[in-house]
Amino acid sequence: MKTRTGIIGATLAMALGSASPGQEALEQLSDRLNFHSRDGSMQLRLSGTIELEGYAISDPVADLVSGSADKFFNPRFGLYLDAQVGTRGYFFAQGRVDRGFDPYYPDKQTEARLDEYALRMELSEPGAGRLFLQLGKFATVVGNWTKRHAAWDNPFITAPLPYGNLTGVWDVFPVPSVDVLLAWAHVSPVGSAPAVLADKEFRLPVIWGPAYAQGVAVAGKWGRFEYAGELKAVGLSARPDRWGEGFSTMERPTMSARLGWRPGPSWNLGFSASTGEYLDRSDHPRIPTGLSRHDYRQTVLAHDLSYAWHHFQFWGEVYAARFEVPRVADVDTLAYYLEAKYRFTPQLSGAMRWNQQWFGEVTNQAGESRPAGRQTWRVDVAPTYRLTTQVQVKLQYSLQHDRPSRERYTQSLSAQLTVRF
Amino acid sequence: MKITGHHTLLLAAGLLAATAGGWAATIEGRVKLPKRETTTVVNKRYEIVSRGGVVSTNPPVAVVYLEGDFPPAKAEPMARVEQKDLMFVPQLLVVQTGTKVEFPNLDDTFHNIFSYSPAKRFDLGRYRTNEKPVPAVMFDTPGVVVLRCEIHEHMRGVILVLATPRFTVTDTEGRYRLEGLPAGTYRLKTWLDSQTTLERTVQLAADTSLRLDLP
């Protein structure tokens, strides 16, 4: 407790100090973390964030937040490198020190990871349509949430429902039957809170956060259209500890693409598609004879939209996903969210998000049809106050409804202090 | 760190007799400028189709101004800071209190200009190219206003709001010249950056020219 209070106190003191000097110090630090080669052909910039999060949650805890305690503290330190190489090359990397990519219960060990690293080259000549090639480990091109998922830019603390709500599909075992699927989804029997928490590490969402998987991407712009395609070693739903897996001749990559259209500066519309495998790379002895894990595929179609005008911003995405389970049933789900943000004063803004997810019905051997997952809605409300240009405080309240569920409503309250330099 | 120095300069007393409100005086000289000039890499991690790579601040310049008893401006002064090629143009603007500054967007993407500076807190929200009316802000409190863009974090500009109409910006060699000054006693200030302002007192007689290198 003393350590936690000390970290928060030290961070606040550093960030605010006597307000202005603290701000000046952070800005000076930011300016001093710029480096360049002697001939100026390479420029480097280091920057960072300190994120202190606190969660108060009711059982069962929703999404990718995993906590055995009803209140817990989640600190995170991020270090970023941006490098310009000549006029066409750009390299970036993100390293983090925390207790796991997703907020985790306090007894998990602190770890350091390299979450992102990628080299981007511009292939096009000036004046023509733009064309870029990117190699490394980086966020997916699918959808529009990844562009604002970083703590400073995200109006919320947690991800939208499609990026975190867990289905009944596992990546460590193929679904053997509809009854097992319904049990894994906690639909039948209706799972207790401890049961929902216990198998969280096996279940998959439609898309796991920003999906920083290894791969190669091509992206470009032509007039009002933007396009991007990527080949990744693992699928959109792959958990973070698989994002570092590379390509191999034994594996089939996941292919994803997005086509965007900007009719004007205010609007941005996009259509995305992705197909790839969702089972992990272990042997999977339970796969029926005649099938391989390459037959267990996830296909995603998505539409995203954003709008901005003066102090108002709006985003929305809808995801239709299918997890193929050969000889059992396909798990179909539709998830969407609508998110709005308004800046009330230069430093105070508020955001509200409505999320919903449905599952298609599956039929067991007894002829009973049930949805393949819990029908869920969630509303998130989050005010953000920027104390300075380097420090912001965010609160989030979420109310979630699941059906069927023993606890029809779950709530969470979270707070996040972000200091950047 | 604020460096202030109070030095009184008495101009040649044996100048030609000057009538009150008579011939104008001039101060000119050279300011020793700091060597700082920063470059930074633009963060474009999540915009694969991006532009801009490395941006540099303009070479350092200083602002030299006189504080004294000057009559207020007769008309509301106007000025502008453009956003062009994802930069503020100019990066440093000096205005008198009561000046309305327009912020036209000349890029083909949104900008969102804001400031949290105590001298003026504002947020213009997202606005596009050739937005009408042009977003504008009245600056009525002296001080340093640091401009930023919510969308493009590398963009940074400064508006120095002064309670005097007598100011000039040096060239990149530090040279300055204030002319058409009425005779009198003034505080001559040299603003180098948000942390450094030099100050001294000068007495000006009519129709004189004072050479003063700073600091």
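What volume has the largest cavity? I read about 440 Å³ for the largest cavity. The model is predicted, so local features need pLDDT of at least 70 and side-chain atom pairs pLDDT 80 or more, while totals for chains, interfaces and linings use all residues. Residues are numbered from 1 along each chain as its sequence is written, chains are lettered from A in the order in which they are written, and side-chain values use heavy atoms, without hydrogens and water.

I noted the terms. On a 1 Å grid over the protein atoms alone, a cavity is a set of points where a 1.4 Å probe fits but cannot get out, and a pocket is an open set with protein on both sides within 12 Å along at least five of seven lines; a lining residue has an atom within 4 Å of a point. A volume is the space filled by probe spheres set on the points.

Largest cavity. I found 30 lining residues, with Arg76(A), Phe101(A), Trp145(A), His149(A) and Ile157(A) nearest the centre. By class they are 16 nonpolar, seven polar and seven charged. The largest share, three residues, comes from E2(A). The structure holds eight cavities of 30 Å³ or more.

Second largest pocket. I read about 530 Å³ of space here. The lining has 26 residues, and Tyr104(A), Lys108(A), Trp208(A), Arg239(A) and Pro240(A) lie nearest the centre of this pocket. I counted 11 nonpolar, four polar and 11 charged residues in this lining.

Key: Nonpolar A, V, L, I, M, F, W, Y, C, P; charged D, E, K, R; others polar. Helix = DSSP H or I, 4+ residues; strand = E, 2+ residues; numbered from the N terminus.
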